[in-house]
Amino acid sequence: MASAARPLVIAHRGACGYLPEHTLVAKALAFGQGADYLEQDVVATRDGELVVFHDLTLDEVTDVATRFPGRQRADGHFYCRDFDLEELRTLGVGPRRGSAGELQHPGRFPESGGRFGIPTLAEEIRFIRGLIHASGRAVGIYPEIKDPAWHRAEGIDLGARVLQVLESTACADPPMPVFLQCFDPAELQRLRREFNSQLPFVQLINSIYGQPSARELETIAGYAQAIGPSLKLIYRGRAGKGAATTTLVDDAHSAGLLVHPYTFRSDDLPVGMASFGELLDLFLRQLGVDGLFTDFPDLARVFIDRHLPA
Ligand code: CA
């Protein structure tokens, strides 16, 4: 059962199917491609600044190893938290690479080097406001609090800091649409209780935890407005001629929750899917999700405009 509103196109780390993830150019492209929301993963620096970056470590998408040799921890990784903002500003961001330097998505934008940098959360929100101002088109932000328990052990209350920055930027007049997401249920519950945040919360759900029960969804509905499940918790592969799907979308809707699954990639289709169009059709038209995280906002925008007209 679909809910009434048109499904949202959430640009996963920007239009990261085309440009290096979480760079401002990737956000600008996603905006131009008609995304409804632009995602920000948020981690903290050594000097307590908040930057838009996906990993706790810098290894896979920056040139940190050549620029700051010797600054890795005992585990061999370079952590954002070990660098001041001014140091992070000197890093070049490029395509995601494996430990042997191989491109993780060989078909995507391949250039590395100093062209692209890491923005702070506040800078990125100002940048997006600028795009809205110049175009007259609205867009929302979709920040994620990355690993709050790890950050707390590192001496920083990341959730509280994110709320603080949002309060003075996205929530300032005129307020932008915001969804705040996190994998850690205790953190979202705490932010609701302790800080009385009125922002819509999204409980992310990793596929390793399995499909949540009706009772668990009811608990989530007590503090969140949406779930962001892995698409693997909804699509289970082929079943004869059709797709095997779970009841999660209907169950969540019954609990009053919106459903924003992740991650839709045209260059990395789930097993059994012949095309990106088939995948979008299943989730958007047949299952009726309320939005989806995609690396390719243009393709989702075109599909929705063509098949789910306003
Ligand atoms: Ca994320």
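**A chat about a predicted model**

Colleague: What covers the buried residues of α7?

Modeller: The cover includes β4 (140–145), α5 (148–153), α6 (158–168), β5 (180–182) and β6 (201–205). Here, contact means heavy atoms within 4.5 Å. Buried means under 20% relative accessible area, exposed means over 50%, and partly exposed lies in between (1.4 Å probe, protein chains only). Helices (H or I, at least four residues) and strands (E, at least two) are DSSP runs, numbered from the N terminus.

Colleague: What kind of model is this, and how are its residues numbered?

Modeller: This is a predicted model, with residues numbered from 1 along each chain as its sequence is written. Local features need pLDDT of at least 70 and side-chain atom pairs count only at pLDDT 80 or more, whereas totals for chains, interfaces and linings use all residues; side-chain values use heavy atoms, with hydrogens and water left out.

Colleague: Back to α7, then. Which of its residues are buried?

Modeller: Helix α7 spans residues 185–195, and its buried residues are Glu187, Leu188, Arg190, Leu191 and Arg192.

Colleague: Which residue caps its N-terminal end, and which residue follows the helix?

Modeller: Asp184 is the cap of α7, with a side-chain oxygen 3.0 Å from the backbone nitrogen of Ala186. After α7 comes Asn196, which has a positive phi near 50°.

Colleague: You listed β4 in the cover. Why is β4 said to be largely enclosed?

Modeller: Six of the six residues of β4 are buried, so the rest of the structure largely encloses this strand. On one side lie Gly140, Tyr142 and Glu144, on the other Ile141, Pro143 and Ile145, and all of them are buried.

Colleague: Which strand pairs with β4, and in which sense?

Modeller: Strand β2 (residues 37–44) pairs with β4 in the parallel sense, over six bridges. Two strands pair if DSSP finds at least two bridges between them. Within this arrangement, Ile141 of β4 has Leu38 opposite.

Colleague: New topic. Which residues coordinate the calcium ion?

Modeller: Glu39 (OE), Asp41 (OD) and Glu144 (OE) coordinate the calcium ion at 2.2 to 2.3 Å. Their spacing along the chain is E-x1-D-x102-E. Donors are N, O and S atoms within 2.8 Å of the metal (3.2 Å for Na, K and Ca), and water is not among the atoms, so sites may look incomplete.

Colleague: Are Glu39 and Asp41 buried or exposed?

Modeller: Both Glu39 and Asp41 are buried. Glu144 of β4 is buried too.

Colleague: What does Lys27 touch?

Modeller: Lys27 belongs to helix α1 (residues 24–32). Leaving out residues up to four places away in sequence, Lys27 touches Arg13, Gly14, His22, Leu38, Glu39, Gln40, Val52, Glu124 and Phe127. The side chains of Lys27 and His22 are joined by a polar contact of 3.0 Å. A polar contact is a pair of N or O atoms within 3.5 Å; within protein, one must be able to donate a hydrogen and the other to accept it, and residues adjacent in sequence count only if both atoms are side-chain atoms.

Colleague: Why does Lys27 count as buried?

Modeller: Lys27 counts as buried because its relative accessibility is 0%.

Colleague: And the nonpolar core: which residues touch the most other members?

Modeller: In the largest nonpolar core, of 62 residues, these are Leu166, Leu180, Ile227 and Phe283. Helix α10 (residues 276–286) gives the most to this core, namely six residues. A nonpolar core is a set of buried Ala, Val, Leu, Ile, Met, Phe, Trp, Tyr and Cys residues joined through side-chain atoms within 4.5 Å. A second, separate core has 16 residues, including Val51, Val64, Phe68 and Leu85.

Colleague: Is Val271 buried or exposed?

Modeller: Val271 counts as exposed because its relative accessibility is 73%. This residue sits in the loop between β10 (258–259) and α10, where, not counting residues up to four places away in sequence, Val271 touches Tyr235 and Gly237.

Colleague: Last one. Which residues does the cis peptide bond with omega about -5° join?

Modeller: That bond joins Asp173 and Pro174, and Pro174 lies in the loop between α6 and β5. The peptide bond from Tyr262 to Thr263 is cis as well, with omega near -15°.
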